[in-house]
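Please look over the sequence and the 3D structure shown here before reading on. The notes below are meant to be read beside them.

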Amino acid sequence: MQKQGRHNWVVLVPCPFQGHITPMLQLGHALHSKGFSIVVAHTKFNSPNSSNHPDFVFLPIPDNFSHHGNPFEIISALNANSKEPFKECLAQFMEKHKPDDRVSCIISDIALNFLDDVSKDLNVQSIALSTNNASFNLALSGIPRLHAQGLIPVQDSTLQDLVPELHPLRFKDIPVSSFATLGEFLEKLGKSKRSSSAVVWNTMELLEQTSLAQLQQHDQCPFFTIGPLHKIVPSCSTSLLKEESSCISWLDNQAPNSVIYVSLGSTAFVDEKALVEMAWGLANSHQPFLWVIRPGSIRGSQWIELLPEKFTEQIGDRGCIVKWAPQKEVLAHKAVGGFLSHCGWNSTLESICEGVPVICLPCFGDQKVNARYLSTVWGIGLELEHEADRGEIVRAVKRLLVDEEGKEIRRRAIELKERTEVSTREGGSSLNALVEHILSF
Ligand code: UDX
């Protein structure tokens, strides 16, 4: 494995959010199993738990950016201010390991465009990891064209229309309504892809063959489709929050396929009104539910203080509420019959791989694209159409867990799960090809 020296290092630079850290660390474990030594250069903000990865070296980089605002604003601040501290730390690391070891490449989150300059300055090859899927990236790449055609900003009258050349997406599924906020970001994203020696995707050909092929027509560098990473390195623990495993014993006492699992991931926030509608929707569905409410995710409260008292009295032990769940174990549990999800890409892949159908409640970014693919392309999701009120939630839970329609959706979900298993078993992941690519540097 080692071309020269004692260690063949791969430097990983994750974007500091759970949904991005997870696939990056999983990729690190996959490469470590192929003989590479792994160093994780990370911000102190949302720093990964190094004790879960004793074989990796962790390199904390001084934070030079504001942690305030939404993830998009935080990533923009990080891109604007982090080049020098990262370059300095990586240069020191390389100097310390000279001349015995070599640093093969820097793999950074595709959203962190400042790493292109760092890798150029340090004369190290760079690879981009896209933690979102190809279909979302295809939608992003279409935004400048739609803007030039005057189709965005989107008008209310066209929200339901299909987007030319981006079927099955409707204008309402497009990640931004205004080009102005995203123009510069998209330009840098394109530049970042062009200067990378490869793009790594945590997805599967069988799910996204068409989008991958369309993207590859415009991108010169090779693509490596290595998902589903959580199945390739199943024991990798990446949670930033403590998982409450007590919910598994609660699930053990529920009937098969009866429970609706509810989680909006690690970055979405909701207001009190949405919380109350969700609560009564779940209560009135008369199905058991496991609900993750992340501390601080309800605006104006610490945790669940804003839940109506009557709701708590009424549900008894038909509902289980936790701060953070061992999600992959939950989705694999036989009691779970559906996932009411914000449709983040990790959650989407995890649900697909366990054959759990989804009620889609997308919040922002790639989630609307993922929701659209879940419902129309993979046929395993029901989309909630509006700001979900309690009635819509009740109807969706009933359609999925009680009605004949739900049985058909579950059959498709199980069939898709089986196809993902066959593909993974038969070497559908191009991890080995990625290893060869890195060794060729
Ligand atoms: C963010 C974006 O929102 C998402 O759309 C994008 O694709 C990646 O970055 P996040 O919102 O956290 O991610 O969603 P998601 O991608 O689904 O990742 C959440 C991760 O947290 C999943 O791996 C899930 O298993 C894990 N999780 C979630 C838990 O382990 N426990 C929980 O209780 C909830």
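What follows is a short briefing on sheets, helix packing, the ligand shell and some backbone details.

This is a predicted model, in which local features need pLDDT of at least 70 and side-chain atom pairs count only at pLDDT 80 or more, while totals for chains, interfaces and linings use all residues. Residues are numbered from 1 along each chain as its sequence is written. Helices (H or I, at least four residues) and strands (E, at least two) are DSSP runs, numbered from the N terminus.

- Strands of a sheet pair through backbone hydrogen bonds, in either a parallel or an antiparallel way. Here two strands count as paired if DSSP finds at least two bridges between them.
- Axes are lines fitted to C-alpha atoms, for helices over the stretch in contact, and angles run from 0 to 180 degrees between N-to-C directions.
- Four bridges link S1 (residues 8–13) and S2 (residues 37–43) in the parallel sense; Val11 has Val39 in S2 as its bridge partner.
- Contact means that the C-beta atoms of two residues, placed from the backbone, lie within 7 Å.

**The six-stranded sheet**

- Another open sheet has six strands in the order S10-S9-S8-S11-S12-S13, with parallel pairing.
- S10 (319–322) and S13 (381–383) are at the edges with a single partner strand each, so one side of each is left without a neighbour in the sheet.
- Neighbouring strands of this sheet are turned against each other by 20° on average, direction ignored.
- S11 (residues 336–341) and S12 (residues 358–360) pair in the parallel sense over three bridges, and Phe339 has Val358 in S12 as its bridge partner.
- Helix H14 (residues 367–377) packs on this sheet and touches S12 and S13, its direction making about 120° with that of S13.

**Helix pairs**

- The axes of H10 (residues 272–285) and H15 (residues 390–401) come within 8 Å and cross at roughly 40°. That makes H10 oblique to H15. Angles under 35 degrees count as roughly parallel, over 145 as roughly antiparallel, 65 to 115 as roughly perpendicular and the rest as oblique.
- H10 passes H15 in a right-handed crossing. A crossing is left-handed if the near helix is turned anticlockwise from the far one by less than a right angle, and right-handed if clockwise.
- Residues of H10 that meet H15 include Trp280 and Leu282, and those of H15 include Ile393 and Val397. By class, this contact of H10 with H15 has six nonpolar, three polar and three charged residues. Ala, Val, Leu, Ile, Met, Phe, Trp, Tyr, Cys and Pro count as nonpolar, Asp, Glu, Lys and Arg as charged, and the others, Gly among them, as polar.
- H3 (residues 83–96) and H4 have axes that come within 10 Å and cross at roughly 35°, and their crossing is right-handed.
- H5 (residues 134–148) and H7 (residues 205–218) pack at an angle of about 45°, with their axes 8 Å apart. H5 and H7 are therefore oblique to each other, and their crossing is left-handed.

**The ligand shell**

- Of the 26 residues around the ligand, Gly19, Gly265, Ser266, Gly344 and Ser347 come nearest. A residue is near a molecule or strand if its C-beta atom, placed from the backbone, lies within 6 Å of it.
- The residues of this shell divide into six nonpolar, 17 polar and three charged.

**Backbone details**

- Most residues other than glycine have a negative phi, and most peptide bonds are trans.
- A cis peptide bond joins Lys98 and Pro99, with omega about -5°; Pro99 is in the loop between H3 and S4.
- Gly227 and Pro228 are also joined by a cis peptide bond, with omega about -5°.
- Glu165 is not a glycine, yet has a positive phi of about 65°.
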